[in-house]
Amino acid sequence: MDIYRGRDDAGMWCRDNAALCPHRVWWCDAGGYARSTAVGVLCWSALFCAICGLLYPLAKGSMERWPSKFKNENCAMWFGWHVQSTIHACWVSSLAFAAIYTLSDASAGAQFDASSTRNSQHINDAVGSIANTSHVFFCYMLVDTLITFCRREMTIDYFLHHLVFCFFCVLIQYHCFAPYLAGWLLIMELSTIFLNGFSFFRNRLGYDHLLVKAFFLLFAGSFLVCRLLGMTYIAGSFILAVFRHEVPFAGIPRPCMITMLEMTVAPLHLGRCLGWRRRSAILLGVQHREEGDESVGWRLRRLLERAGARRSDR
């Protein structure tokens, strides 16, 4: 008997959803999800090792011409971390953009409910693309967490940021719904491309260099559009779809829907803020303050401290 029961309901890693299983997603049950996750983690791990072991020696000469003033930024792991993150961000955001463009004029049911065989083929293809892209993102987050621990730079806020989004991925993928919401979450990675450029070159070329300024402006603009405005739009759309009863959410348990709403209005924004906290630390240079970083933010902080000391002396 065919294990894919031909229903349009969600649940069980899309196992009950004939629109996606078995041809549009890489997994269709718990075993398939575990296997595809293992393969994804191995692929991202292998890519990181290849970048550090093969690409870094080729780029090392150029990096030595413009060395960073911090030793930990002149190593293979720093280089590999930035290159792999940029590859991931370019891949994920481009795939997500194409899919959410397709879903942008679809019905609320097609955007937020489990995919249905009653939807058109191009809609279900877009949903399948978002599902697979979210799994690429999920596997990358697992590997990035491991790499950050290995680099001994894991912080509580960075760990919570990854934990929130990994849980969100699992929740959506297990119940196989809300593709439009997932797509907008994925397109937020666009700003990471420019953040990586800023982070990599700021201590090599200096904050006054034109390239560094360009990366900063592009990061700020993409962060505003994709993360702040984009998340406000998609969170509002999802909440309205739920409370207006525009979507039946077939087969999705009520506790799951409550969790999704809570995550949309609270922890999701917490994860975004935690991500911004780390980004602002990079932008202001506070991660290197004990090493004497002369970034704009750190110099401003020292000037304020000196001004306070002078007032106290008076």
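This is a predicted model: local features need pLDDT of at least 70, side-chain atom pairs count only at pLDDT 80 or more; totals for chains, interfaces and linings use all residues.
1. Ser-85 is in contact (heavy atoms within 4.5 Å) with Tyr-140, Thr-192 and Asn-196, leaving aside neighbours within four places in sequence. Ser-85 belongs to helix α2; helices here are DSSP runs of H or I with at least four residues, strands are runs of E with at least two, and both are numbered from the N terminus. Because its relative accessibility is 7%, Ser-85 counts as buried. Buried means under 20% relative accessible area, exposed means over 50%, and partly exposed lies in between, with a 1.4 Å probe and protein chains only.

2. Residues are numbered from 1 along each chain as its sequence is written, and side-chain values use heavy atoms, with hydrogens and water left out.

3. On the overall fold, the protein chain has 11 helices and 0 strands. Buried residues account for 51% of its 314 residues. Of the contacts between residues at least 6 apart in sequence, 73% join residues at least 24 apart.

4. Helix α1 covers residues 30-65, and its 36 residues should span 52 Å at 1.5 Å a residue; the end C-alpha atoms are 50 Å apart, which agrees. The expected span is 1.5 Å times one less than the number of residues. At Tyr-56, α1 bends by about 55°, and a proline, Pro-57, follows within four residues. The bend is the angle between axes fitted to the seven residues ending at a residue and the seven starting there. At the start of α1, a side-chain oxygen of Asp-29 comes to within 3.2 Å of the backbone nitrogen of Gly-31.

5. The buried residues of α1 include Gly-32, Trp-44, Phe-48, Tyr-56 and Met-63. Against which helices do the buried residues of α1 pack? Their partners are α2 (76-103), α4 (121-150), α5 (156-175) and α7 (190-205).

6. The whole structure contains 23 aromatic pairs. Rings of Phe, Tyr and Trp (its six-membered ring) pair if their centres lie within 6.5 Å; planes under 30 degrees apart count as stacked, over 60 as edge-to-face and the rest as tilted. Trp-78 and Trp-81 have ring centres 5.9 Å apart and planes at 55°, so this pair is tilted. Both residues lie in helix α2, 3 residues apart, about one turn of the helix, and both are buried.

7. Tyr-180 and Tyr-233 form an edge-to-face pair, 6.4 Å centre to centre with 85° between the planes. This pair links distant parts of the chain, since Tyr-180 is in helix α6 (residues 179-187) and Tyr-233 in helix α8 (residues 210-243), 53 residues apart. Tyr-180 is buried at 3% relative accessibility, whereas Tyr-233 is partly exposed with a relative accessible area of 40%.

8. The charged end of Arg-151 is over the ring of Trp-81, 4.2 Å from its centre. Arg-204 lies over the face of Phe-200, at 4.5 Å from the ring centre.

9. Leu-224 is a further residue of helix α8. At 42% relative accessibility, Leu-224 counts as partly exposed.

Definitions and conventions:
A polar contact is a pair of N or O atoms within 3.5 Å; within protein, one must be able to donate a hydrogen and the other to accept it, and residues adjacent in sequence count only if both atoms are side-chain atoms. A charge sits over a ring if NZ of Lys or CZ of Arg is within 6 Å of the ring centre and within 35 degrees of the ring normal.
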